[in-house]
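Look at the model below before reading on. The text then walks through its salt bridges, fold, pocket and surface.

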Amino acid sequence: MADRLTRIYTRSGDRGTTALADGRRVDKYHPRIEALGDLDELNALLGVLIAELAPQDPLLDRLTQLQHDLFDLGGELAMADEQYRVIDAGAVEGLEQWLDSLNGALPPLQEFILPGGNRASALCQQTRAVCRRAERRLVELAQREQVNPDGLKFINRLSDLLFVCARVLARRNGEEVYWKPRHRR
């Protein structure tokens, strides 16, 4: 494999612009770059969650694959080319199937859940919250420019999946923390 990065800094962004994969330069606060930044943060936080899991954890392989999928989605955004699509309906369906499988083993929700229960569950909830922000950025971008509709569906399902994973993690060696309205505390 050829070297991808021979220099880490280029100085080309020193004036507040950055390059998309096609070479076009945009402001660092452009909605596409904001969406890429949120996906990057989501992927980094997913990495923190993965690092919290034991090597034999049944969630580990699938969550690691999600990191690759998020990088693919970021690649789509960086290309800014309507014809370049990596995330497809099959990726969305795969998330739905995994989500249904995990959720089917959980009891129905009776109350809202607070982030907590244990460290891994809380990290998963934080990852979900960042995922929702990334989704909002993608929706905002899609109102201005073409965005892969399957990518939008993927990020929406991912936040649902992360919620269910947080529930799974909370029940492993702790409990889910239920919201108690002020009048019931």
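Start with R184, which is partly exposed at 47% relative accessibility. Here buried means under 20% relative accessible area, exposed means over 50%, and partly exposed lies in between (1.4 Å probe, protein chains only).

Two notes on reading the values. This is a predicted model: local features need pLDDT of at least 70, side-chain atom pairs count only at pLDDT 80 or more, and totals for chains, interfaces and linings use all residues. Residues are numbered from 1 along each chain as its sequence is written, and side-chain values use heavy atoms, with hydrogens and water left out.

What does R184 meet? Its side chain forms a salt bridge with E111, at 3.4 Å from N to O. E111 sits in the loop between α3 and β3 and R184 in the segment after β4, so the bridge ties together parts 73 residues apart in sequence. E111 is partly exposed, with a relative accessible area of 29%. The term salt bridge covers a side-chain nitrogen of Lys or Arg within 4 Å of a carboxyl oxygen of Asp or Glu.

How many salt bridges does the whole structure hold? A search finds 15. One of them joins D57 to R172, with the closest N and O atoms 2.3 Å apart. This pair links distant parts of the chain: D57 is in the loop between α1 and α2, R172 is in helix α5 (residues 149-172), and 115 residues separate them. D57 is buried, at 12% relative accessible area. R172 is partly exposed, at 38%.

The side chains of D160 and R132 meet at 3.0 Å, N to O, in a salt bridge. D160 lies in helix α5 and R132 in helix α4 (residues 119-142), 28 residues apart. Both ends are partly exposed: D160 has a relative accessible area of 28%, and R132 has 27%. There is also a network, in which salt bridges that share partners join E34, D38, E41, R133 and R137.

Now step back to the fold. The chain has five helices and four strands. Read along the sequence, they follow the pattern β-β-α-α-α-β-α-α-β. Helices (H or I, at least four residues) and strands (E, at least two) are DSSP runs, numbered from the N terminus. The C-alpha atoms fill a box of roughly 55 × 40 × 30 Å, taken along the principal axes. Of the 185 residues in the chain, 38% are buried.

Next comes the empty space. Rolling a probe the size of a water molecule over the atoms shows where such space is left. The largest pocket has a volume of about 450 Å³. Its lining has 18 residues, and L36, F71, G74, G75 and A78 lie nearest its centre. The elements that give two or more residues to this lining are β1 (17-19), α1 (31-52) and α2 (60-79). A pocket is defined on a 1 Å grid over the protein atoms alone, as an open set of points where a 1.4 Å probe fits, with protein on both sides within 12 Å along at least five of seven lines; lining residues have an atom within 4 Å of a point. Grid points are joined across faces, edges and corners, and the volume is the space filled by probe spheres set on the points.

Between α1 and α2 runs a loop that holds A54. A54 is partly exposed, with a relative accessible area of 33%. Its C-alpha atom is separated by 28 Å from that of W179, which is 125 residues away along the chain.

V177 lies in strand β4 (residues 177-178) and is partly exposed, at 31%. W179 is partly exposed at 36%, while F112 is exposed at 61%.

Which rings pair up? Rings of Phe, Tyr and Trp (its six-membered ring) pair if their centres lie within 6.5 Å; planes under 30 degrees apart count as stacked, over 60 as edge-to-face and the rest as tilted. The count comes to one aromatic pair. The rings of F112 and W179 have centres 5.8 Å apart and planes at 65°, so the pair is edge-to-face. F112 is in the loop between α3 (89-104) and β3 (113-114), W179 is in the segment after β4, and the two are 67 residues apart.
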